Amino acid sequence: MRLIRPLGLLSLRSRITIGSTAIAAVVIVLLVLVMRFQVVSVVASATRTLLDADADPYVATLEVDSDPELSPPGNAQLVAVVSPTGEIQLSTMPDRVERALGSLRSTPAGTSLIDVSGSEYRVVVEHPVNGAGRWTVVAARNSQAEAIVVDDLTTTLSITGLAILVAFGIASWVLATAALRPVNRMRREAERLSVAPERAELPVGPAQDELASLATTLNAFLARTRQTTERERQMVSDASHELRTPLAILTTQLDLASLDADDAEALANHIERAKNSVARLSRLANDLLTLSRIEESERRSEDGDQRPLTAWSDLGDEVMAAVDRVRLIASTKDVTVDFDLEPPRSGGDDGPDPQYHLDTGGMAQLVTNIAGNAVAALPRGGGVLVTWRADGDVGELQVTDDGPGVPETFVAVAFDRFTRPDEARKSRPVPDPATGVIPLPGGSGLGLAIVRAVAERAGGTASLRNVRSGGLEVTIRVPAVS
């Protein structure tokens, strides 16, 4: 743990280099040890072969001749022949080795290592037998030569391994630097986000690797963040603009009320107008809160939260309930509000009821906002028809009225926030001369924006068009969940 903590303070490039070099060092050490073991084994085997070659001629002679004439071996060959009586018949051994021959007579045939006066010898002992008895043939070689060969090779391998390790460390540093270069570019670009967040984007390399995937994911996150920030900034700006006018009007109305405090009728008119301004402010605040909740719910859905599932029939029940609530408002203007439910052909007793990612609260908002806007725009005696049907794999809510419609220039921006036809921007606190009823306060321009937000959260779409025969048609299409 004490070693890991300091490493955590180093750069990623340093940690990659140190880690890979440490692994390479372990591998190289293991390779050197394995190769040394193999060389020791090969050298020992070669020495045994040479010793056998030194002893074989004498063994062959003694096996057929009880009184042989033994010739001395070649240069640098250490051979000794001991008779059955213990007499040394032939020896090229050093004196200290000759003194050990007596003990070798009782040694079993084979190869062994002996230590003589601090020097180690590898010896081969053979016991040929003839008519004279059991002879002993000994061939020896100093093991120092083997050790020198092994040590020299080990030194060479160690130096070579060290050179390879240094080269590997340098290569690891270079490769880590090259591999982390896109990360450095991403870091530099990220620093620019504070200067120009609306234009900055993390670079995506040409390679289809993890860094490219990370950059793509972060760019998508930044795009969503910028979009959300821009939307919130625009909402705050628009809300400030929309609030400023009714607040100014309300302030003026209260000032006028204070000036006309002695005139009961004038004071009552000022108070009524002030109540309409407060109602408009309240409606705007409620609409803003509704939009905020819808967007928050949409963000949670993008993060993996489960969206609600509601059956077609349950949504149909909510359509009827919402229409009843709209009728209470429409009754003050003698406007007729009807509904028509067209159940799916595969529903009911013939098949399962289609389900949609739309809850009953969302359906209530759709019907109330669309039909409520239609009622507010219709003249006395108008009519509104609300239809909820299953069209194949799509649930369709359609609201049609027989009013004057909207300007064609408004159709393209109808679902944008704080947009209204020019006539709707005017608050009308004066009683309708035909009915004597004070109309609803001017809309906030958020009703259709809420409609689109609800539809899109359910995976659907919202559209609006003027009907040729007169009137306006708003259509919401929501896909069924299979």
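**A mixed sheet, its helices and an aromatic cluster**

The side chain of Thr475 reaches the side chain of Gln398 in a polar contact of 3.2 Å; a polar contact here is a pair of N or O atoms within 3.5 Å, where within protein one must be able to donate a hydrogen and the other to accept it, and residues adjacent in sequence count only if both atoms are side-chain atoms. The model is a predicted one, with local features needing pLDDT of at least 70 and side-chain atom pairs counting only at pLDDT 80 or more, while totals for chains, interfaces and linings use all residues. Residues are numbered from 1 along each chain as its sequence is written, and side-chain values use heavy atoms, with hydrogens and water left out.

Thr475 itself sits in strand S14. Helices (H or I, at least four residues) and strands (E, at least two) are DSSP runs, numbered from the N terminus. With a relative accessibility of 9%, Thr475 counts as buried; buried means under 20% relative accessible area, exposed over 50%, and partly exposed in between, using a 1.4 Å probe and protein chains only. Neighbours within four places in sequence aside, Thr475 is in contact (heavy atoms within 4.5 Å) with Glu396, Leu397, Gln398, Thr461, Ala462 and Ser463.

Stepping back to the whole protein chain, there are 11 helices and 14 strands. Of its 482 residues, 36% are buried. Among contacts with a separation of 6 or more, 63% come from residues 24 or more positions apart.

Five strands make an open sheet in the order S9-S11-S12-S14-S13, and the pairing is mixed; two strands pair if DSSP finds at least two bridges between them. Strands S9 (336-342) and S13 (461-466) are at the edges with a single partner strand each, so one side of each has no neighbour in the sheet. From one strand to the next, the twist averages 15 degrees. Such angles run from 0 to 180 degrees between N-to-C directions, with axes being lines fitted to C-alpha atoms, for helices over the stretch in contact.

S9 and S11 run parallel and are joined by 7 bridges, and Glu342 has Arg389 in S11 as its bridge partner. S11 (residues 383-391) also pairs with S12 (residues 394-401), this time in the antiparallel sense and over 8 bridges. Across that pairing, Ala390 stands opposite Gly395 in S12. The hairpin of S11 and S12 has 2 residues between the strands, and Gly392 in this hairpin takes a positive phi near 65 degrees. S11 is mostly covered, with 7 of its 9 residues buried.

Helix H9 (residues 360-377) lies across S9, S11, S12 and S14 (472-479), at about 20 degrees to S12. Helix H11 (residues 447-457) packs on the sheet too, touching S13 and S14, and its direction makes about 140 degrees with that of S13. H11 is largely enclosed by the rest of the structure, because 9 of its 11 residues are buried; Leu448, Ile450, Val451 and Arg457 are among them. After H11 comes Gly459, whose phi is positive, near 80 degrees.

The structure also holds 2 aromatic pairs. Rings of Phe, Tyr and Trp (its six-membered ring) pair if their centres lie within 6.5 Å; planes under 30 degrees apart count as stacked, over 60 as edge-to-face and the rest as tilted. Trp312 and Trp388 are stacked, 6.0 Å centre to centre with 10 degrees between the planes. Trp312 belongs to helix H8 (residues 312-330) and Trp388 to strand S11, so the pair ties together parts that are 76 residues apart in sequence. The rings of Tyr356 and Trp388 have centres 5.7 Å apart and planes at 65 degrees, so this pair is edge-to-face. Tyr356 is in strand S10 (residues 355-356) and Trp388 in S11, 32 residues apart, so to speak a link between distant parts of the chain. Trp312 and Trp388 are both buried, and Tyr356 is buried as well. Taken as a group, Trp312, Tyr356 and Trp388 are linked into a cluster by ring pairs.
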